[in-house]
Amino acid sequence: MKVKCPTCGAEAEYSPANPYRPFCSERCRLIDLGAWANDEYRIEGEPGSAASMNPEDYETAQREAMMRAMEKRAKRR
Ligand SMILES: [Zn+2]
């Protein structure tokens, strides 16, 4: 499945083969992450719970929260 990269508009493969989906590249993903700050990428759970996570769990949770936000955003279109 092809999607438009939200950052640059290029075609990106939306599949497990593309770790940066729905972006076309890591660069675009990082640009978008920076642009959104923490607004839509908030991690679900108790406020402050992220602080007690170890860094790897925190990173995983953040990535999952991001993917959920992306999917919600894609469905709104
Ligand atoms: Zn791109």
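**Notebook: the annotated cysteines and their surroundings**

Helices here are DSSP runs of H or I with at least four residues, strands are runs of E with at least two, and both are numbered from the N terminus.

**Ground rules**

I am working from a predicted model, where local features need pLDDT of at least 70, side-chain atom pairs count only at pLDDT 80 or more, and totals for chains, interfaces and linings use all residues. Residues are numbered from 1 along each chain as its sequence is written.

**Overall layout**

I noted two helices and two strands in the protein. From the N terminus on, I read the order as β-β-α-α. I then checked confidence by pLDDT, the predictor's confidence in each residue, from 0 to 100. The mean pLDDT of the protein is 79, and 73% of the residues reach 70 or more. Among the elements, S2 has the highest mean pLDDT (95), and helix H2 (residues 55–76) has the lowest (79). I keep one caution in mind: where pLDDT is low, predicted coordinates should not be read in detail.

I also checked burial. A residue is buried with 20 or more other C-beta atoms within 10 Å of its own, exposed with 12 or fewer, and partly exposed in between; C-beta atoms are placed from the backbone. Of the 77 residues of the protein, 8% count as buried.

**The annotated site**

Which residues does the "binding site" annotation cover? The unreviewed UniProt entry gives Cys5, Cys8, Cys24 and Cys28. They are spread over 24 residues of sequence, yet they cluster in space, with a largest C-alpha distance of 8.2 Å. UniProt positions are given in the numbering used here, feature names are shortened, and annotations may be inferred rather than shown by experiment.

I placed Cys24 in the loop between strand S2 (11–13) and helix H1 (26–36). Is Cys24 buried or exposed? Cys24 is buried, because 21 other C-beta atoms lie within 10 Å. Cys28 is partly exposed, because its count of other C-beta atoms within 10 Å is 19.

For contacts, I used C-beta atoms, placed from the backbone, within 7 Å. Not counting residues up to four places away in sequence, Cys24 touches Cys5, Cys8, Ala10 and Ala12. With neighbours within four places in sequence left aside, Cys28 is in contact with Cys5, Thr7, Cys8 and Phe23.

**Gly9**

I found Gly9 in the loop between strand S1 (2–4) and S2. Gly9 counts as exposed, because it has 10 C-beta neighbours inside 10 Å. Gly9 and Cys24 are 15 residues apart in sequence, and their C-alpha atoms are 8.7 Å apart.

**The cis bond**

Where is the cis peptide bond that I looked up? It joins Arg21 and Pro22, with omega about 0 degrees. Pro22 lies in the loop between S2 and H1, and Arg21 is found in the loop between S2 and H1. Arg21 counts as partly exposed, because it has 18 C-beta neighbours inside 10 Å. With neighbours within four places in sequence set aside, I list Ala12, Glu13, Tyr14 and Ser15 as contacts of Arg21. I also took the C-alpha separation of Arg21 and Lys4: 9.7 Å, at 17 residues apart along the chain.

How values were computed: Contact = placed C-beta atoms within 7 Å.
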